[in-house]
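Hi everyone, thanks for coming. Let me put it up on the screen.

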Amino acid sequence: MKLLITGGAGFIGSNFILNRIEKGDQVVNLDKLTYSGNLNNLVSVQNRENYSFVRGDIGDKSLVRKIFSECRPDAVVNFAAETHVDRSVIDPESFVRTNVLGTSNLLLETLEYWKSLSQEEKAKFRFHHISTDEVYGSLGFEDPAFTENTAYAPNSPYSASKASSDHFVRAFHETYGLPTLISNCSNNYGPRQFPEKLIPLMVLNAIEGKPLPIYGNGKNIRDWLHVFDHCDAISLILEKSKPGECYNVGGNSEKNNLEVVAAIINVLDQEVPRPDGKSYSEQIHFVKDRPGHDLRYAINADKIKKDLGWTPKFNFDQGIRETVLWYLANEDWVKNVKDGSYQDWIKKNYEER
Ligand code: NAD
Ligand code: DAU
């Protein structure tokens with residue numbers, strides 16, 4: 001396929017590109033390179049004939065139009081977004097700009113391009129929007145998991161902006177017939193995740209002897225899915241499903257934050273024991289909670305299993321071990337992402353907690 005991938009220098013997008021380049025797809029990666037966009041994620045494919053990179057904003061009308069006319073993709077996969085809930089608390093407007101206005105611009109330009117295609121090309125074309133389980137809001141401990149029919153009830157500026165973009169995608173299908181797809185996935189983990197998110201942050205803080213900041217009481221629950229499993233699900237949805245479909249994607253692996261941190265510590269205690277012989281759990285530090293902190297997310301992924309035969313391949317214990325080892329083995333990658341702006345964020349988010 002010829003793919004226009006947005007946000008492909010980030011965590012999930014780069015893992016997806018690495019996978020699709022190996023499959024022989026032609027990929028154009030449009031990425032603004034915000035703080036979380038990192039071309040080091042893609043060094044292994046940067047000189048491949050079937051890969052090209054354009055630095056730019058999905059909200060830039062003339063640039064997006066030019067890319068469509070030059071690249072003439074068979075599909076768009078939209079990963080580009082502001083993605084960190086804590087940042088959305090401090091700066092909601094940048095989430096509106098990229099996630100809402102940027103996505104709506106991308107949809108409009110996609111629509112213009114799609115209208116120019118032949119009937120056969122039109123029928124094959126897809127706009128796949130990568131979304132999140134956070135649009136459904138928060139569950140109680142005993143509530144059933146989110147299905148595709150759960151009503152949207154976003155609680156953070158991040159999830160509100162993602163919910164809004166999902167609605168625009170849906171509206172472009174209903175109103176103009178654009179062949180759209182939406183997938184709503186749970187928390188991803190794996191290689192190349194920017195270390196503002198729970199798992200890489202905890203790994204790196206631990207080995208640097210810094211506190212491991214647990215928000216609130218650490219009992220909030222997330223469903224964890226390895227990023228490679230998410231990428232496989234995206235490929236299946238893109239290639240096999242009908243226009244207008246929405247799919248929940250989840251790891252069937254609910255853990256509270258203390259359990260996740262304990263799993264990381266378990267690997268670190270074995271692989272890189274502290275010089276003083278104590279466990280890294282000594283570094284756990286409870287801090288002020290995230291405002292509006294969702295208690296629990298859980299995904300019912302029966303639909304993608306039934307329609308497309310997808311199930312996750314990784315179990316959490318195996319996946320978290322490999323993930324921790326990846327961050328330990330990739331010191332140069334880590335050094336590069338932890339530049340000045342990363343330090344500024346850590347100061348801003350944690351200093352007064
Ligand atoms: P990330 O923050 O690692 O990457 C986002 C990428 O988008 C970066 O490369 C950034 O430079 C780029 N970008 C941001 N604004 C842009 C703009 N205006 N124009 C072009 N590029 C822009 O995020 P991620 O974790 O890889 O998430 C990717 C997508 O998956 C997002 O849409 C997110 O909402 C969704 N998602 C993430 C998770 C998760 O656990 N990480 C789970 C479910 C869904
Ligand atoms: O559910 C999917 C979502 O998962 C994605 O849409 C988001 O883009 C992604 O960032 C992620 O959101 P979360 O808010 O769940 O992820 P985060 O890694 O920020 O936090 C996971 C949990 O850990 C959450 O309950 C907050 C807690 N936490 C997080 C950090 C950064 C801490 O206790 N301490 C921390 O320092």
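Let's begin with the secondary structure around ligand 2: helix α7, residues 198-207, and strand β8, residues 212-215, each bring at least two residues to its shell. Of the contributors, β8 gives the most, with three residues. Please keep in mind as we go that this is a predicted model.

How many residues surround ligand 2? There are 24, and the closest ones are D133, Y158, R290, H293 and Y350. If you sort that shell by class, you get ten nonpolar, eight polar and six charged residues.

Now for some individual contacts. Have a look at D133: a side-chain N or O atom there sits 2.5 Å from an oxygen atom of ligand 2. R290 places a polar side-chain atom 2.6 Å from an oxygen of ligand 2. Y350 also takes part, with an N or O atom of its side chain 2.6 Å from a ligand 2 oxygen. And how much of ligand 2 does the protein bury? On its own, ligand 2 would expose 690 Å², and 95% of that is buried by the protein.

Let's move over to ligand 1. Here the shell counts 28 residues, and those that come nearest are I12, D31, T83, Y158 and K162.

Which elements build the shell of ligand 1? Four of them supply at least two residues each: α1 (11-22), β5 (126-132), α6 (157-176) and β7 (187-189). The largest share comes from β5, with three residues. In terms of class, the ligand 1 shell holds eleven nonpolar, 13 polar and four charged residues.

On to the contacts of ligand 1. From the side chain of D31, an N or O atom lies 2.6 Å from an oxygen of ligand 1. T83 has a polar side-chain atom 2.8 Å from a ligand 1 oxygen. With I130 we turn to the backbone, where an N or O atom is 3.4 Å from an oxygen of ligand 1. As for burial, ligand 1 taken alone exposes 840 Å², of which the protein covers 97%.

Methods:
Residues are numbered from 1 along each chain as its sequence is written. Chains are lettered from A and ligands numbered from 1 in the order in which they are written. This is a predicted model: local features need pLDDT of at least 70, side-chain atom pairs count only at pLDDT 80 or more; totals for chains, interfaces and linings use all residues. Side-chain values use heavy atoms; hydrogens and water are left out. A residue is near a molecule or strand if one of its heavy atoms lies within 4 Å of it. A polar contact is a pair of N or O atoms within 3.5 Å; within protein, one must be able to donate a hydrogen and the other to accept it, and residues adjacent in sequence count only if both atoms are side-chain atoms. Accessible areas come from the Shrake-Rupley method with a 1.4 Å probe; for residues, only the protein chains shown count as cover. Helices (H or I, at least four residues) and strands (E, at least two) are DSSP runs, numbered from the N terminus. Ala, Val, Leu, Ile, Met, Phe, Trp, Tyr, Cys and Pro count as nonpolar, Asp, Glu, Lys and Arg as charged, and the others, Gly among them, as polar.
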